[in-house]
Amino acid sequence: MSKDYLQDALATFNSGSWYGWKKVDAQGNKIPNDQRMCYECIEIIKDGATMPSKAEVEAKIAELKQEEINKTNAKASAKSKLQALGLTTEEIKALIGQ
């Protein structure tokens, strides 16, 4: 299952549970569950919450993805440095879990 960056990004705006997903479109047609979780189907369900712009949400998604890439790269770098110090693969796994 792929990571849900949209929901992770939305969680950084406002506070608490501030959004939900529309179940019907503007014409009253039911939106299938597999099509609801997109920016266009966000509805505010908390008083005082404000809707972030699509650009803000996309920027936050890009930031979250980059953080994940950076974390993966840092872990790979740490493994290489530990190997250079003479640690075995088993010792490295014991330290960092992989």
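Asn14 has its place in the loop between α1 and β1, where helices (H or I, at least four residues) and strands (E, at least two) are DSSP runs, numbered from the N terminus. This is a predicted model, in which local features need pLDDT of at least 70 and side-chain atom pairs count only at pLDDT 80 or more, while totals for chains, interfaces and linings use all residues. Residues are numbered from 1 along each chain as its sequence is written, and side-chain values use heavy atoms, with hydrogens and water left out.

- The phi of Asn14 is near 55 degrees, which is a positive value in a residue other than glycine.

**The nonpolar core**

- The largest nonpolar core has 16 residues, and of these Leu10, Trp18, Trp21, Ile42 and Val57 touch the most other members; a nonpolar core is a set of buried Ala, Val, Leu, Ile, Met, Phe, Trp, Tyr and Cys residues joined through side-chain atoms within 4.5 Å.
- At least two residues of this core are supplied by each of α1 (5-10), β1 (19-21) and α3 (54-84), and the largest share, 4 residues, comes from α1.
- Val57 is in contact (heavy atoms within 4.5 Å) with Leu6, Ala9, Leu10, Phe13, Tyr39 and Pro52, once its neighbours within four places in sequence are left aside.

**The cysteines**

- A disulfide is a covalent bond between the sulfur atoms of two cysteines.
- When a disulfide is taken as a pair of cysteine sulfur atoms within 2.5 Å, the count comes to 0 disulfides.
- Cys38 is in no disulfide, and the nearest cysteine sulfur, that of Cys41, is 3.5 Å away.
- Cys41 is likewise in no disulfide, with the sulfur of Cys38 as the nearest cysteine sulfur at 3.5 Å.
- Cys38 counts as partly exposed because its relative accessibility is 23%, whereas Cys41, with a relative accessible area of 9%, is buried.

**How α3 and α4 pack**

- Helix α4 (residues 89-96) packs with α3 at an angle of about 140 degrees, and their axes are 10 Å apart; axes are lines fitted to C-alpha atoms, for helices over the stretch in contact, and angles run from 0 to 180 degrees between N-to-C directions.
- The two helices α3 and α4 are therefore oblique to each other, since angles under 35 degrees count as roughly parallel, over 145 as roughly antiparallel, 65 to 115 as roughly perpendicular and the rest as oblique.
- The crossing of α3 and α4 is right-handed, a term used if the near helix is turned clockwise from the far one by less than a right angle, with left-handed used if it is turned anticlockwise.
- On the α3 side the contact is made by Lys75, Lys79, Leu82 and Gln83, and on the α4 side by Ile92, Leu95 and Ile96.

**Lysines and their contacts**

- Lys60 lies in helix α3, and although Lys60 and Ala9 are 51 residues apart along the chain, their C-alpha atoms are separated by 5.6 Å.
- Not counting residues up to four places away in sequence, Lys60 touches Ala9, Thr12 and Phe13.
- Lys3 is found in the segment before α1, and it is partly exposed, with a relative accessible area of 45%.
- Lys3 touches Asp8 and Glu68, when residues up to four places away in sequence are not counted.

**Two exposed loop residues**

- Asp47 lies in the loop between β2 (42-44) and α3, and at 78% relative accessibility Asp47 counts as exposed.
- Asp47 and Trp18 are 29 residues apart in sequence and 8.0 Å apart in space, C-alpha to C-alpha.
- Ala26 lies in the loop between β1 and α2 (33-36), and at 77% relative accessibility Ala26 counts as exposed.

Conventions
Buried < 20%, exposed > 50% of the residue type's maximum accessible area, 1.4 Å probe, protein only.
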